[in-house]
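Reader: Please show me how to read a structure, one feature at a time.

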Amino acid sequence: MDINKISNNLFKLSHSILISGLSGLYIWYPNGITKTLIFLISETYFTIDTIQLIESPKVEYPLIVHHMITMFYLLCIYIGYHSDLLINMYLMGELSNISIYATYHLIKTSQNKDLILVSNIFQFFWYSYFRIYCFTNILIKNYYIIFKYLSPLLIIYLMGFVWSFYLFKQIYVERFTILTRIKTHHDKLLQN
């Protein structure tokens, strides 16, 4: 068990939960203090994570690009440039990440394979709902603004599709395990 990876993952999970709450609060009750907290906490988080990504032995350039775009749009939120649209998209992004970090934590700390399998399935649906369905809905409703003024957001949008496909592929690889467990459970129910 790599304690540093688990600690880093818990740091990321804490950020997603905290910022989801603050973003939701800001959407319901916009105020300068909440907006400043979102900006400062998230900019600090993305700066630290970007430095860690750059210093790691295997540099993940797509994630660095994702972080740079996000940091730019956090600044846009802070200065009031299309902030209502951007804060909604940011909330969807951070909500989608919660399942990623929670599942990773289970994989690294739990021996219960059934729990991990259920978490993987939930993770796919949770992440895809926010990153594909909700983002697409926001994109359709605001296509003019996004395509004209906020087009780098489309990179993050496409990354959501790629990651959803990766999560689906994980479940597809586990399909025999899933089917076997369902059949075993079904057979036990029939025996009782």
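Reader: Which residues does Met92 touch, not counting residues up to four places away in sequence?

Author: A contact means heavy atoms within 4.5 Å. By that rule Met92 touches Phe130, Cys134, Phe135 and Ile138, leaving out residues up to four places away in sequence. This is a predicted model, in which local features need pLDDT of at least 70 and side-chain atom pairs count only at pLDDT 80 or more, while totals for chains, interfaces and linings use all residues. Residues are numbered from 1 along each chain as its sequence is written, and side-chain values use heavy atoms, with hydrogens and water left out.

Reader: How many helices and strands does the chain have?

Author: Helices (H or I, at least four residues) and strands (E, at least two) are DSSP runs, numbered from the N terminus. Here there are 8 helices and 0 strands. Along the sequence the pattern reads α-α-α-α-α-α-α-α. The C-alpha atoms fill a box of roughly 65 × 40 × 30 Å, taken along the principal axes. Among contacts between residues at least 6 apart in sequence, 72% join residues at least 24 apart.

Reader: What percentage of the residues in the chain is buried?

Author: Buried means under 20% relative accessible area, exposed means over 50%, and partly exposed is in between (1.4 Å probe, protein chains only). Of the 192 residues in the chain, 40% are buried.

Reader: Which residues touch the most other members of the largest nonpolar core?

Author: A nonpolar core is a set of buried Ala, Val, Leu, Ile, Met, Phe, Trp, Tyr and Cys residues joined through side-chain atoms within 4.5 Å. The largest one has 42 residues, and those that touch the most other members are Ile38, Tyr73, Leu74, Leu86, Met89, Tyr90 and Met92. Two or more residues of this core come from each of H1 (3-28), H2 (32-55), H3 (61-79), H4 (83-109), H5 (113-141) and H7 (153-173). H4 gives the largest share, 11 residues.

Reader: Is Ser20 buried or exposed?

Author: Ser20 is buried, at a relative accessible area of 8%. This serine belongs to helix H1. Its contacts, not counting residues up to four places away in sequence, are Leu91, Glu94, Leu95 and Ile98.

Reader: How many salt bridges does a search of the whole structure find?

Author: A salt bridge is a side-chain nitrogen of Lys or Arg within 4 Å of a carboxyl oxygen of Asp or Glu. The search finds 1 salt bridge. In it the side chains of Asp49 and Lys12 meet at 3.6 Å, N to O. Asp49 lies in helix H2 and Lys12 in helix H1, so the pair ties together parts that are 37 residues apart in sequence. Asp49 is buried, with a relative accessible area of 4%, and Lys12 is buried as well, with 15%. Leaving aside neighbours within four places in sequence, Asp49 is in contact with Asn8, Lys12 and His67.

Reader: How many aromatic pairs are there in the whole structure?

Author: A pair of aromatic rings is described by the distance of the centres and the angle of the planes. Rings of Phe, Tyr and Trp (its six-membered ring) pair if their centres lie within 6.5 Å; planes under 30 degrees apart count as stacked, over 60 as edge-to-face and the rest as tilted. The search finds 13 such pairs. One of them, Phe39 with Tyr78, is stacked, at 4.5 Å centre to centre and 20° between the planes. Phe39 lies in helix H2 and Tyr78 in helix H3, so this pair ties together parts that are 39 residues apart in sequence. Phe39 counts as buried at 15% relative accessibility, whereas Tyr78 is partly exposed at 34%. Elsewhere, ring pairs link Phe122, Trp126, Tyr129, Phe130 and Tyr133 into a cluster.

Reader: Which residues make the nonpolar surface patch?

Author: Patches are made of residues with over 30% relative accessible area and no salt bridge: like charges are joined within 9 Å, nonpolar side chains (Val, Leu, Ile, Met, Phe, Trp, Tyr) within 5 Å. This patch, of about 860 Å², is made by Leu75, Tyr78, Ile79, Tyr81, Tyr143, Tyr144, Phe147 and Tyr149. H6 (143-149) and H3 each supply at least two of its residues, and the largest share, 4 residues, comes from H6. Phe147 sits in helix H6 and is partly exposed, with a relative accessible area of 49%.

Reader: Where does His82 lie?

Author: His82 is in the loop between H3 and H4. Most residues other than glycine have a negative phi. The phi of His82 is near 50°, a positive value in a residue other than glycine. His82 is partly exposed, with a relative accessible area of 25%.

Technical notes. Accessible areas come from the Shrake-Rupley method with a 1.4 Å probe; for residues, only the protein chains shown count as cover.
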